[in-house]
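Let's take a walk through this structure together. Have the sequence and the 3D view ready, and we'll go from the contact between chains down to single residues.

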Amino acid sequence: MNLGVLGINFAYVGSAALFIFGLKMLSSPATARKGNLLSALGMLLAIVVTLLSHGLDYRWIIIGMCIGGGIGLFAAYKVEMTSMPEMVALFNGFGGISSLLLAWGEFHQHPEMSVFLAAVAFLSAFIGGMTFTGSMVAFGKLSGKISQQAVIFKGQHLINGAILVAALAAALIFSLTPASWVGYLFFVVIVLVALGFGVTSTIPIGGADMPVVISLLNSYSGLAACAAGFVISNNILIVAGALVGASGIILTKIMCKAMNRSLANVLFSGFGTTTAAATGGDGPQGEIRPATAEDVYYILEAADSVAFVPGYGLAVAQAQHVVRELGDLLEANDTEVSYAIHPVAGRMPGHMNVLLAEANVPYDQLVEMDDINPRMDTIDVCVVIGANDVVNPAALDDENSPIYGMPIIETHRARTVIVLKRSMNPGFAGIQNALFFGENSRMYFGDAKASIQALVAEFKGSD
Amino acid sequence: MEAVFLTFVFVLAIFLGFELISKVPSTLHTPLMSGSNAISGITLIGALASVKTDSLGFAAFLGTLAVVFATINVVGGYAVTNRMLEMFKKKDQGENK
């Protein structure tokens, strides 16, 4: 190892340390931004020292980086905060495909691989490929370009199983004879199978399960980078990839726990299509009590404490700014305002937090589910905005409910619940919600944004 | 032997990742995800190193394409994370914007 290569590798140690510090600083909102910058600095350091190595073809590198950088910056600054889940899915997919391409390029240039190298090249290409198409499907679903419904076809598990077996078989043949034309042929087969598998494994997963899928794809993209690191014997790829892989796994676990479902259940059950058919029609019924903007205004005006419970509907209606405005007016009226956020509210982990942060809601007003539930009895009014399953009491007391056992924000225990909803259509899981028929519930129908604007107008009119 | 050494690094990094990430509060899960996503663009390093002057046609093409995608991932990921984190404010900072 000559001095230059040694220097580059020591610089990589430095970047790894910066990544680790950066992630560590993400544990508090106060230091998070600096943490992200540190991590970016680590990346910059790694890129710069890599560019110093010998024999690189700078023409292509500069062209490639300019195109990529331009697209990345453009997308990052143009995206709406409500579209963040699909943006993350998209970037994630690009990470995956670059691992695939890297493995392919490496194999193309040095086909004389040991069995170990061939095996990791397979992993890099396969995980990278499925991350790419899987993320593209997730992107399509999240941005509404394809149906958010779970797409189920007959023999789905059989087909996915067969695809996996085929991939492993192709991998075996490829690992044994990478340098022959047979090996090359099978590598191409692996790539195609991986791309197909990404689609068939993501398409059966419905919209509200997207937080799990995005976390999982995030983890895959890290593991693909990791495998690519093994292929080119590069420690920094392995370390960074492993960090991302671990982070994705943890988020996946948190999301699954928040829905009281196993990962296998999320991935394979096609939740929402089967259950809706099974329970359709029956479920809790009763009298609903609609409220007008004026009614709601009087309830809120008299309240000492108000908790907003946002869900995906808030993002759809782009209502985060008006909610903040209403919150401010309530605070001016000496009402204690908080925002209770369910871990799987929205379409990705922390989705609601980002939207409210965009609307300038201070993060100390955001309360987690486990913190608000114990003091729910003391809260005067809960305002549920575009959330449904995460506040459905059936999860607590109805053993037949498909969401039984899922932790919820127990809004039904508050003195009054105001539910903002467009209509009485059931939520994603297709389950009717007993909350709407509760003694203490009032339904306030309409588009979330328009409804809240009406409330804001009531408050301002009364001054 | 090198495989063992690399696996060592891998396993330790996974454990370190678990330790680091379990301390991140749920408020920051979205930025964590997009930030870690940007880190996974580290394949850019490998992609850059693979675009050599002696790599021919197809290999150069694959390498350049990998550079393009990985750069989108890295640049876009960090930029969007920074944009999000800028918005997280405490109560007394709330009115500064």
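One term to settle before we start: a polar contact is a pair of N or O atoms within 3.5 Å; within protein, one of them must be able to donate a hydrogen and the other to accept it, and residues adjacent in sequence count only if both atoms are side-chain atoms. Keep in mind that this is a predicted model, where local features need pLDDT of at least 70 and side-chain atom pairs count only at pLDDT 80 or more, while totals for chains, interfaces and linings use all residues. Residues are numbered from 1 along each chain as its sequence is written, chains are lettered from A and ligands numbered from 1 in the order in which they are written, and side-chain values use heavy atoms, with hydrogens and water left out.

Let's begin inside chain A. The domain assignment, which is automatic or taken from a database, gives chain A a domain 1 (79-268) and a domain 2 (293-461). Taken over C-alpha atoms, their centres lie 36 Å apart. Where they are in contact (heavy atoms within 4.5 Å), domain 1 of chain A brings 21 residues and domain 2 of chain A brings 20. Between them they bury about 1,700 Å², with 70% of that from carbon and sulfur atoms; buried area here is the accessible area (1.4 Å probe) that two parts lose on being put together, summed over both. On the domain 1 side, Met81(A), Thr82(A) and Ala258(A) lose the most area to domain 2 of chain A, together 31% of what that side buries. Between these two domains there are three residue pairs in polar contact (both at pLDDT 80 or more), and zero salt bridges. A salt bridge, by the way, is a side-chain nitrogen of Lys or Arg within 4 Å of a carboxyl oxygen of Asp or Glu.

Now bring in chain B. Here 80 residues of chain B are in contact with 102 residues of chain A. The two chains bury about 8,100 Å² between them, 75% of it on carbon and sulfur atoms. Met33(B), Ile42(B) and Arg83(B) supply 9% of the area that chain B buries against chain A, more than any other three residues.

Next, zoom in on Asn218(A), which sits in helix α8 of chain A. Helices (H or I, at least four residues) and strands (E, at least two) are DSSP runs, numbered from the N terminus. Is Asn218(A) buried or exposed? Asn218(A) is buried, with a relative accessible area of 0%. Buried means under 20% relative accessible area, exposed over 50%, and partly exposed in between (1.4 Å probe, protein chains only). Leaving aside neighbours within four places in sequence, Asn218(A) has contacts that include Asn92(A) and Val244(A), and also Met33(B) and Ser36(B) from the other chain.

Finally, look at two loops. Ser233(A), in the loop between α8 and α9 of chain A, has a positive phi of about 45 degrees although it is not a glycine. Ser233(A) is partly exposed, at 33% relative accessibility. Asp334(A), in the loop between α14 (320-332) and β2 (336-341) of chain A, also has a positive phi without being a glycine, of about 65 degrees. Asp334(A) is exposed, with a relative accessible area of 68%.
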